[in-house]
Amino acid sequence: MAHDHDDEHDHAHEDPASRALALRAEALEALLVERGLVKREAIDAIVARYEHEIGPLNGARVVARAWSDAAFKQRLLADAWGAIRELGLTTGAENAPIVVVENTPGVHNVVVCTLCSCYPGALLGLPPTWYKSPPYRARMVREPRAVLRELGLELPESTELRVWDSSAEIRYMVLPERPPGSESTSEQQLVPLVSRDALIGVARAGAPRE
Amino acid sequence: MTDVHDLGGRLGLGRIEREAREPVFHAPWEGRVCGLVNCAIGFGWIPIDVFRCGIERMDPERYLRASYYERWLTSLERVLAEAGVLARGYRPPPRTAPAGFERAASAPPRFRVGDAVRTTPRASGRHTRLPGYAGEKRGVVAHARRAFVFPDTNAHGVGEQPQHLYTVRFAARELWGERAEPRASVCVDLFEPYLEESTAEDGCDGA
């Protein structure tokens, strides 16, 4: 299997199973291109967009604005896309509706998709592998406190946990709590404090730099 | 179709492994498959519900072993062939279908925020978005979400048949019994056909 290779450490695309998948993908793409149904450049553009443009930075900008502007936060919680467009993030009708859920000192929210891997892609990009993995999908609804602890987030026993299973076309993003000590931090400086994991709800937003 | 993908609450799947500095795609072919799936759905060759259903029809052992993009590729090959997209002379559908998933429903919503509801049993062997763990459980409507394409019909080629959608909140104890973690609840987005009124006898403690 993969460990038969002696060159460097095995990269996923170098093992035979992955090579077979690469060939199947190429065969399918070649056929669709030959039939004139799709252009290779269109696929290139989608790949480039996911690799370079769409990522958790979009979600982080939304959160930093919500922390800095109470009226924006109210609009965000009431109609997320309406508010998000104010930041110049473009969205098409094909985008799934977004609902933003707010963490408070008493309530912690976390997002999962038990049936597949639904994720607020327009704001966070593509989900990490652990989010798509069977253990996360299976366990988060059943033992959220234990899973969060395993992922490094210890919450007080008194905190209420709310798990959002994205079972239809609504996509959920968490509005994390503003980190203590960040009261005088500017909106721009708040952005890097918001990690992807905080937007999923498996981490807190980071502490401001000294 | 098995229900292997219906993973919520399943035991024995092990720890959650996290990869440091994970790339967006682990190999170039994953990006190509991601792009092809975006085109297949975006160009209207197949509805997303048909694509999801294709994943769920995988051999269950293969499903659990496969990487995410292997599942995508396997479904895409299969559903494109079944839909005739790979046949010579295929013409893509005109772009007249409404975008997105929201639609007008044919009837007013049956439930309101605060209503106590009970879910139907999960349908087995076909596409549905009622997770098994949330089947035959009591919850409370936390949000009414307008109407959307109904995946249960759309995945099987019998139309969009839009249905009202609700976010239903279930207490952890209702889902998992006495050993559930305290002060936890699960919110699940459920289509109206999955819901019945909960009788007073059912009782419901909300959170």
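Helix α3 of chain A, spanning residues 56-68, has 13 residues and reaches 18 Å from its first C-alpha to its last, close to the 18 Å expected at 1.5 Å a residue (the expected span being 1.5 Å times one less than the number of residues; helices are DSSP runs of H or I with at least four residues, strands runs of E with at least two, numbered from the N terminus). This is a predicted model, in which local features need pLDDT of at least 70 and side-chain atom pairs count only at pLDDT 80 or more, while totals for chains, interfaces and linings use all residues. Residues are numbered from 1 along each chain as its sequence is written, and chains are lettered from A and ligands numbered from 1 in the order in which they are written.

Of the 13 residues of α3(A), 10 are buried (20 or more other C-beta atoms within 10 Å of a residue's own, with C-beta atoms placed from the backbone), including Arg61(A) and Trp67(A). The buried residues pack against these elements of chain A:

| Element of chain A | Residues |
|---|---|
| α4 | 70-78 |
| α5 | 80-85 |
| α6 | 121-124 |
| β4 | 171-175 |
| α10 | 187-190 |
| α11 | 196-200 |

Seven strands form an open sheet of mixed pairing, in the order β2(A)-β3(A)-β4(B)-β3(B)-β2(B)-β1(B)-β5(B), where two strands pair if DSSP finds at least two bridges between them. Because β2 (107-112) of chain A and β5 (195-197) of chain B each have a single partner strand, they stand at the edges, with one side of each left without a neighbour in the sheet. Within this arrangement, β2 (138-148) and β3 (163-171) of chain B run antiparallel and are joined by six bridges, and His143(B) has Thr167(B) as its bridge partner in β3(B).

Conventions:
A residue is buried if 20 or more other C-beta atoms lie within 10 Å of its own, exposed if 12 or fewer, and partly exposed in between; C-beta atoms are placed from the backbone. Two residues are in contact if their C-beta atoms, placed from the backbone, lie within 7 Å.
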